[in-house]
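Welcome! Open your viewer, get your selection tool ready, and follow along one stop at a time.

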Amino acid sequence: RAKGAGQDSVCFYDTEMGQFVRERRMLARDLRAAIDTDSLAVHYQVQTSVETGEIMGYEALLRWRHPVRGLVPPDEFIPLAEESGLILELGEWVLRRACADAARWSPPYGVAVNLSAVQLVDANLPHLVHEVLVSSGLSPARLELELTETALIRDRARSLHAIRQIKALGVSVALDDFGTGYSSLETLRSFPFDKIKLDRSFVQDVCTDAQSLAIVRAVTALGRSLTIAVLAEGIETKAQLDLLKAERCDGAQGFLMGRPMPVEDLPAHGGPRRVADEGEGVASAVPA
Ligand code: C2E
Ligand code: MG
Ligand code: MG
Ligand code: MG
């Protein structure tokens, strides 16, 4: 019955895989349409100083409200946009939106924008960043670009060249999801990052797991010796924040301080300087 089984698996492939591919193709088509319609939005999540609780700035996070499927998470549509080549257009759209929004906030607040690997190896990226800064009027010192290690792996030489050009503009660069990549230490040695964003997975268990705590402690110490700022991602509880404060971590981001929210809901337009002043107000604000 081996022959029959073979036919079965071909059949399985045709239906299940075929459907998967068709669905992805449809989603990619819808994503293209989303750029031209009003279904994309940039939400912002606050980043604070661990020591003072002051707002430092906001991370821009892309949101797609699909007409039928509802909110599609970026972890689903960003890879799709990368495969279909749409990411360059999408990334440019986010950068323009984020810089235009940030240019209207009180001057100290910065904005952090995520970059994909495809954008990083695009030779036009430094020119684009420069042009967007000029046209938005945002000071380069208020823009930060976030890269993951996976984005650098694609072409390390070109990535390094692009990062140097971006830094020459006065824009800072952060290493996102730190600790989850292949060779985080080698990456820190080879690339001139201004900030380490310690991945949420370490912060999550920091109060209950000795290994996680040891890693958090080691990374904050590493940041201090390299004079690279360390920001902890995904802080959800006061206990986690207190622990990071004890470890002298520089920055904090997470649902405790605020969920990603539409620009009009941000306190950045002259609102309170300290998230703590808002108490539950920020935490209970419109979720992403
Ligand atoms: P990321 O850059 O590491 O962004 C942080 C993610 O963690 C966000 O998910 C945020 O909503 C979530 N988060 C923040 N605080 C907490 C917390 O306390 N608990 C939990 N459970 N989650 C928290 P989001 O918005 O779904 O984005 C997922 C990823 O998609 C981002 O990870 C980033 O890699 C990518 N992404 C989002 N927007 C863009 C974009 O404009 N361009 C590119 N290339 N990638 C983007
Ligand atoms: Mg990020
Ligand atoms: Mg991250
Ligand atoms: Mg991530």
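This is a predicted model: local features need pLDDT of at least 70, side-chain atom pairs count only at pLDDT 80 or more; totals for chains, interfaces and linings use all residues.

**Stop 1: ligand 1 and its pocket.** Select ligand 1 to begin. The space it takes is the largest pocket. Now show the residues around ligand 1: there are 23 of them, and the closest are Arg-63, Asn-114, Asp-176, Glu-236 and Phe-255.

**Stop 2: where the shell comes from.** Switch to a cartoon view. Strand E2 (55-66), helix H2 (74-83) and strand E6 (172-178) each supply at least two residues of the shell around ligand 1. Which element gives the largest share? Select E2, which contributes four residues.

**Stop 3: polar contacts.** Zoom in on ligand 1 and select these residues in turn:

- Glu-59: a polar atom in its side chain lies 3.0 Å from an oxygen atom of ligand 1.
- Leu-62: here a polar backbone atom is 3.1 Å from a nitrogen atom of ligand 1.
- Glu-233: an N or O atom of its side chain is 3.3 Å from an oxygen atom of ligand 1.

Ligand 1 taken alone exposes 800 Å², and the protein buries 85% of that.

**Stop 4: the magnesium ion called ligand 2.** Select ligand 2 and look for its donors. Glu-59 (OE), Asn-114 (OD1), Glu-146 (OE) and Asp-176 (OD) coordinate this magnesium ion at 2.0 to 2.2 Å. Along the sequence, the donor residues of ligand 2 are spaced E-x54-N-x31-E-x29-D. Asn-114 sits in strand E4 (residues 110-114) and Glu-146 in strand E5 (residues 143-148), so this pair ties together parts that are 32 residues apart in sequence.

**Stop 5: the magnesium ion called ligand 3.**

**Last stop: the bridge.** Which residue coordinates both magnesium ions? Select Asp-176, which bridges ligand 2 and ligand 3. The two ions are 4.1 Å apart.

Note on methods:
Residues are numbered from 1 along each chain as its sequence is written. Chains are lettered from A and ligands numbered from 1 in the order in which they are written. Side-chain values use heavy atoms; hydrogens and water are left out. A residue is near a molecule or strand if one of its heavy atoms lies within 4 Å of it. A polar contact is a pair of N or O atoms within 3.5 Å; within protein, one must be able to donate a hydrogen and the other to accept it, and residues adjacent in sequence count only if both atoms are side-chain atoms. Accessible areas come from the Shrake-Rupley method with a 1.4 Å probe; for residues, only the protein chains shown count as cover. On a 1 Å grid over the protein atoms alone, a cavity is a set of points where a 1.4 Å probe fits but cannot get out, and a pocket is an open set with protein on both sides within 12 Å along at least five of seven lines; lining residues have an atom within 4 Å of a point. A molecule sits in a cavity or pocket if more than half of its atoms lie within 2 Å of its grid points. Donors are N, O and S atoms within 2.8 Å of the metal (3.2 Å for Na, K and Ca); water is not among the atoms, so sites may look incomplete.
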